[in-house]
Amino acid sequence: MSYIQSPSLVTNPFFRIKITHLPTNQFISLPGWVTQFSDNFTSNWNQQNVYGRMDPLATFENTQRKITLAFDVVSANLDEAIANLASVNKLIEFLYPVYEGNSRTQQNTLKAAPLIGLEWTNLISQPHGGQRLVGYLGGVNYSPEIAEGGFIRGDKSVSTIENITNDTTVTEISAMGMSMQGATVDTTTTTLETTTTTRKSFIPKKLNISLDYTVLHTHLVGWASPSAALQAAAAYGGQEARYTFGSRSSENGRFPNSHMIQNVNVTNQSTTTSEARTVLPPGETSTWQSLPPHLEEERSEVEQAALQRALGNPDYI
């Protein structure tokens, strides 16, 4: 019997699709045989047409992110099919909110909206650390592929019904011309009925799932101006102060899905020549233009001290 190895999209934990219902912290993990992925970014502008102006006045509103993900859930045996179907059922339940109370009434109070945490490889994750994204599902399309077949699971239920009937009969007996009354005869009738019920379930072998996911940004998404310390350091080095994307300079260049990249080099930013290194922070002067190589190390130490003073380091003040 030949053995067919499952692809890494199914067996490797890195490719599993992890979905969390944030209000209840319920969690599922599905094998990630992804068939479609798209990450859509839409910038929204409010446009006002003005008389005599060829171009409308455009005011920026926001930039929205929506992810479309489609994947197959394939089961190799009955146990996997049952577990996968249960996970997909849980995913559909994640579309519903949390209410106060545990019964349906005319005045149910909504407690929490069905926010969803979603993670798949580095393509659906936070730019810092790779944690799950936060957002909500616009819907889930659940489509079993019936042509691929499935598994049938049957449960038998046996019930027995016992009927007992009691009959009391009054008889009149004549013997030797004498009449006797009041004799009774008890008759008991017992009936047994047995019913066998078989319940069958069809569990598809292959499930096609697709979902639309709107991302709610939980961190700064936009260009942040350099801090005073970074501006002083850039001026001291004869460079232009750089804007960084996000709230942390270490995240620059890693949004939306490159958090694993180290030492990101940002190109196409203006710099000056090495001669500009003689520029010192305010209050510092220097007559150095060029030094022999054996004095370059001493010069670097002096310049580092001046830089630390400009940055407010108390050890150098």
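Asn77 caps the N-terminal end of H2, with a side-chain oxygen 3.2 Å from the backbone nitrogen of Asp79. The model is predicted, so local features need pLDDT of at least 70 and side-chain atom pairs count only at pLDDT 80 or more, while totals for chains, interfaces and linings use all residues. Residues are numbered from 1 along each chain as its sequence is written, and side-chain values use heavy atoms, without hydrogens and water.

Helix H2 (a DSSP run of H or I, at least four residues) covers residues 78–93. Buried residues (under 20% relative accessible area, 1.4 Å probe, protein chains only) in H2 are Ala81, Asn84, Leu85, Ser87, Val88 and Leu91. They lie on the same side of H2 because they cover an arc of only 160° around the axis, taken from the directions from the helix axis to the C-beta atoms.

Thr109 sits in the loop between strands S5 (98–99) and S6 (110–112); strands are E runs of at least two residues. Beyond its neighbours within four places in sequence, Thr109 contacts (heavy atoms within 4.5 Å) Val98, Tyr99 and Glu100. Thr109 and Tyr99 are 10 residues apart in sequence, with their C-alpha atoms 5.6 Å apart.

The chain has a mean pLDDT (the predictor's confidence in each residue, from 0 to 100) of 74, and 58% of its residues reach 70 or more.

| Segment | pLDDT | Contacts beyond four places in sequence |
|---|---|---|
| Residues 266–292 | under 50 | 29 contacts |

Technical notes: Expected span 1.5 Å × (residues − 1). Buried < 20%, exposed > 50% of the residue type's maximum accessible area, 1.4 Å probe, protein only. Polar contact = N/O pair within 3.5 Å; in protein donor to acceptor, adjacent residues only side chain to side chain.
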